[in-house]
Protein chains: 2
Amino acid sequence: MSKSPSLPASLKQLLIKGDELFLPGISVDCVIFGFHENSLKILLLDIADSNKWSVPGGFVLKNEDIDAAAYRVLKERTGLKDIFLQQFNVFGQPNRIEASAHKATFEQYGTKLSKDHWLLQRFVSAGYYALIDYTNFTVQNDSFNSLNSWIGIEHLSKLSFDHDHDSIVKKALESLRTQLAYLPIGKNLLPKKFTMPELQKLYETILNKPLDRRNFQRKMLGFGILNKLNETRKGGAHKAPYLYSFNDKKYQKALKDGLYGSW
Amino acid sequence: MSKSPSLPASLKQLLIKGDELFLPGISVDCVIFGFHENSLKILLLDIADSNKWSVPGGFVLKNEDIDAAAYRVLKERTGLKDIFLQQFNVFGQPNRIEASAHKATFEQYGTKLSKDHWLLQRFVSAGYYALIDYTNFTVQNDSFNSLNSWIGIEHLSKLSFDHDHDSIVKKALESLRTQLAYLPIGKNLLPKKFTMPELQKLYETILNKPLDRRNFQRKMLGFGILNKLNETRKGGAHKAPYLYSFNDKKYQKALKDGLYGSW
DNA sequence: TTTCAATGCGTTATAATGACACAATATAAT
DNA sequence: ATTATATTGTGTCATTATAACGCATTGAAA
């Protein structure tokens, strides 16, 4: 019989005081999008001892707004504040298997949850997606999961998800695509300065289709939310593209009023 | 001391077996839209003894999908199946006052809820909006609320809501407006046969702005989801407009694929 | 210095939209 | 009956948005 590693403090607290600290039966799941090297990526966690992938999640404190809980989870995970966060769906099927994942987590430490434990009840989960600047943070591990990986969405179909997280990720992507039509997306996924080809690649990746370079630029500039900077990105093998930044004021206005664009 | 009416059976069951039957801390709220006489209406309930309005809601059975719970609530309330139902937001602020409404409901029957009663905990609510054919159903009362009323959205600002339901209704309307841009809406709010001016009025009401009659018709027909019938609606004071119906097959396809229209 | 691929900055054809004109018609007024 | 009137059916034209594509420029690599 192999000796199990000892239970981390955070898990111990969850085990003992979970039902006291957190709302029963409610969790938040965050699909974190990042963009790097022309690939839209999702931050995934390797569920301990299960060979399956999941998305970061957490519980809601008894006196905490549910949106705030999602922010907290993200902050714990990415160290970032001021993240673009969007609630996109509630997952409330009775056969969700959160419970078995929780069970497995504790069993790897040799701890068996009692049958009626708070963690083993049915959970309803609020799904959020977050957009973050990949270049500007480092992932934090937590005690539930040992491995964090950025996975390009083009590889998603090859991964093994539990059913819940598969639908969560799919729905998040679908929502992101839909919202692209009327929300300005980019400010949160790109660094402060970026080139037009980079922005276009982001759009092409999200939409999963090629766009005409010249038409894209015309339309994007037409929204009036970009500042053209007086610098170019040197170092590439060819003609140096101009750098742009988002006009914060107009970007905020566009977030509020919508863009009305068809892609 | 005045004698209170006796507690209805449904409330009694909720009081005694609520925590056994339903998930803790989760409810569903349904904003039910109907369209009648050129006015978009919402089905509102008069919270007992509170002078405030709310929307129909309910709880989620322990082994019930949360979407199914919303359907069940709607069916109980409207008697209708096959309703267009759309989850639009989760309301999870810790200061929601569901508890006080529940308290008031029972107190009007002279029943005082114990301080730690299942109904008095914090509830997170999943908001759904439903579109129904106003001409094709009658409202059912329930034991929580004595009065049901269809209220035109133009009167909403004059009503007294508790804060929760105010934001629920506002957000529902906002979602409906947004979705109008890429979902075909109408089939569920209008009778089987309808005229183009009626459909236009519906759109104008939802969007809260006038549309050009001729351009509206051209665009709507362009979607290819309507059947022009060989009948006209006589009885009006003027030229009889043609009747239309939705092409179910194409309508379903449009629901799935989206419409891509800008209004 | 030349080559080359990516970029900047355009043009033209087609489709979608917005604004408006006029004839047709079901009822109401006379 | 006849006329008046408001509403609907249908179409046109100017404007704008989109799609498709051309060509000169440029920074690094050959």
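Two strands are taken to pair if DSSP finds at least two bridges between them. Helices (H or I, at least four residues) and strands (E, at least two) are themselves DSSP runs, numbered from the N terminus. With these terms in place, consider β8(B) and strand β10 (residues 242-246) of chain B, which pair in the antiparallel sense over 2 bridges. Within that pairing, Phe194(B) stands opposite Tyr244(B).

Before I continue, a word on the source. This is a predicted model, in which local features need pLDDT of at least 70 and side-chain atom pairs count only at pLDDT 80 or more, while totals for chains, interfaces and linings use all residues. Residues are numbered from 1 along each chain as its sequence is written, and chains are lettered from A and ligands numbered from 1 in the order in which they are written.

To return to the sheet, β8(B) and β10(B) belong to an open sheet of 3 strands, ordered β8-β10-β9 in chain B, with antiparallel pairing. Its edge strands are β8 (194-195) and β9 (226-232), each of which pairs on one side only.

Strands of a sheet pair through backbone hydrogen bonds, either parallel or antiparallel. β1(B) pairs in the parallel sense with β6 (residues 124-131) over 8 bridges, and there Ser27(B) has Ser125(B) as its bridge partner. With β4 (residues 57-61) the pairing of β1(B) is antiparallel, over 4 bridges, and Asp29(B) stands opposite Gly57(B). With β2 (residues 39-47) the pairing of β1(B) is also antiparallel, over 4 bridges, and Phe35(B) faces Leu40(B). β1(B) and β2(B) form a hairpin with 2 residues between them, and Glu37(B) in the turn has a positive phi of about 50 degrees.

Now the two protein chains together. Their contact takes 23 residues from chain A and 22 residues from chain B, two residues being in contact if their C-beta atoms, placed from the backbone, lie within 7 Å. On the side of chain A that touches chain B, β1 (22-36), α2 (66-78), β5 (84-91) and β6 (124-131) each supply at least two residues. β1(A) gives the most, with 4 residues. By class, this side of chain A has 11 nonpolar, 7 polar and 5 charged residues. Here Ala, Val, Leu, Ile, Met, Phe, Trp, Tyr, Cys and Pro count as nonpolar, Asp, Glu, Lys and Arg as charged, and the others, Gly among them, as polar.

How is chain A laid on chain B? A turn of 180 degrees and a shift of 0.1 Å along the axis do so with an RMSD of 0.1 Å, which is the relation of a two-fold axis. The superposition is by least squares on the C-alpha atoms of residues with pLDDT of at least 70 in both copies. Because 96% of the interface residues of chain A are also interface residues in chain B, the copies meet through the same surface.

Finally, the DNA. A residue is near a strand if its C-beta atom, placed from the backbone, lies within 6 Å of it. Around DNA strand C there are 19 residues, and those that come nearest are Pro197(A), Arg214(A), His238(A), Arg214(B) and Lys239(B). Around DNA strand D there are 20, the closest being Arg214(A), Lys239(A), Pro197(B), Arg214(B) and His238(B).
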